[in-house]
Amino acid sequence: MEDRTYTAIGSSNIAFIKYWGRRDDKINLPNNSSISMTLDKNVGTKTSVLFSDKLERDKLFINGKEENLGEGANEKLRFIGEMLDHYKKAAGINTKVLIVSENNFPSDSGLASSASGGATLAFLLANALDLKMHPREISIMARRISGSACRSVYGGIVKWNAGSKHDGSDSFAEQVVDHKHWPDLMDMIAIVDPSKKKVSSSAGHTVTVRTSTLYKARLQVAEEGVKKVVEAVKDRDFHALAEAVMRDSNNMHATMIDSWPPIMYLNDASRNIIYAVHELNESEGRYVAAYTFDAGSNAHIITTSSNRGKVIKMLEETGVVRSIIESRMGAGPEMLEGEESLIDQESLAPRHNRNPEIGKND
Ligand code: PMV
């Protein structure tokens, strides 16, 4: 195989109806379907790959730091190793690969990057190896790294069908509408705490399923929520969308607090923002903003362009927001032709020599 580098850029997503809890922890099969908005490339990951016989082993660099893919690697990195083997088998090669991946959103923002990084890598490998894979198959590959990554394989609004098969072949994401459908929908990410979360989402999924007495009820609520969000998105009905989004975030976090030992991702700053959003909506007499929180304390405020100013004012007035990242609906991963690769082909090493302490993936 010819030595050349390939580069792609992809982005993160924010779930409107959340994935929480798995029926299979090894290949990330969820208990409920979920739906998300793929974000723009300002909350994204750029990744380059080079397959070469000159490499003595597979190598992965994330934000300037080399990660261990072999023995002793953490779960997500082990999944990347397995995914690589899968791709190489499909391409009929045994060539070693160098992967260099960098997030383009502030590395101290506390935002998880595994969805963005996982989807970008799954997409890039399929294209670099010219495997002509259906996006569904790429979504299944991305799912193995991080469940939520399977939704970032597409742009726009994306639904992940839980599926029921043991091998996960029916648990993939599909696009509901593309990014042009509702161009003024926004996600204003309010950073309140940039530190790393105490309980990884991976550990949290397992504890909640095992111990929460509320969890069973959530599964029904979430499936209904997905249907409501699909309708709201198709009709561009912000009122219906906002209520479904806020209720689902609260519902998921209720099952987390009900876990044993309890998992609490929300903090005082998050709660301040929740109250402020309700006050803003009340004073407007309609929903102009909706909050949603993943496995962390930072708030995602879903709003529309015309209410952007009101949301910024509301967030500033809480006094708890360190910074705001504004994003919109993104188009999904794409190959970058003719742009500078992150790999220096001569030295078979990353081109950028970044501080290894910044921007750790989780
Ligand atoms: O993909 P994971 O294992 O990091 O889980 C993500 C779970 C949430 O972000 C809390 C919800 C979601 O659907 O993205």
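Leu125 touches Val49, Phe51, Met83, Leu84 and Tyr87, leaving aside residues up to four places away in sequence; contact means heavy atoms within 4.5 Å. The model is predicted, so local features need pLDDT of at least 70 and side-chain atom pairs count only at pLDDT 80 or more, while totals for chains, interfaces and linings use all residues. Residues are numbered from 1 along each chain as its sequence is written, and side-chain values use heavy atoms, with hydrogens and water left out.

Leu125 belongs to helix H2. Helices (H or I, at least four residues) and strands (E, at least two) are DSSP runs, numbered from the N terminus. Leu125 has 0% relative accessibility and therefore counts as buried. Buried means under 20% relative accessible area, exposed over 50%, and partly exposed in between (1.4 Å probe, protein chains only). Leu125 and Tyr87 are 38 residues apart along the chain, yet their C-alpha atoms are separated by 7.2 Å.

Tyr87 is also part of the contact between two helices. The axes of H1 (residues 75–91) and H2 (residues 114–128) come within 11 Å and cross at roughly 15 degrees. Axes are lines fitted to C-alpha atoms, for helices over the stretch in contact, and angles run from 0 to 180 degrees between N-to-C directions. H1 and H2 are therefore roughly parallel to each other. Angles under 35 degrees count as roughly parallel, over 145 as roughly antiparallel, 65 to 115 as roughly perpendicular and the rest as oblique. Lys76, Ile80, Met83, Leu84 and Tyr87 in H1 meet Ser114, Leu121, Ala122, Leu125 and Ala126 in H2. These contact residues comprise 8 nonpolar, 1 polar and 1 charged. Here Ala, Val, Leu, Ile, Met, Phe, Trp, Tyr, Cys and Pro count as nonpolar, Asp, Glu, Lys and Arg as charged, and the others, Gly among them, as polar.

Strand S9 (residues 96–103) has 7 of its 8 residues buried, so it is largely enclosed by the rest of the structure. S9 pairs with strand S6 (residues 44–52) in the antiparallel sense over 8 bridges. Two strands pair if DSSP finds at least two bridges between them. Ser48 stands opposite Val100 in S9. Strand S7 (residues 59–62) pairs with S9 in the parallel sense, over 4 bridges. There, Lys59 has Leu98 of S9 as its bridge partner.

S5 (residues 34–38) and S10 (residues 157–160) pair over 4 bridges in the antiparallel sense. Ser34 has Trp160 in S10 as its bridge partner.

Another open sheet of 4 strands has the order S13-S14-S12-S15, again with antiparallel pairing. Its edges are S13 (289–292) and S15 (323–328), each with a single partner strand, so one side of each is left without a neighbour in the sheet. Neighbouring strands here are turned by 25 degrees against each other on average, direction ignored. S13 and S14 (residues 299–304) run antiparallel and are joined by 4 bridges. Tyr291 has Ile301 in S14 as its bridge partner. Helix H7 (residues 268–284) lies across S12 (185–191), S13 and S14, running at about 160 degrees to S13. Helix H8 (residues 308–318) lies across S12, S13, S14 and S15, at about 15 degrees to S12.
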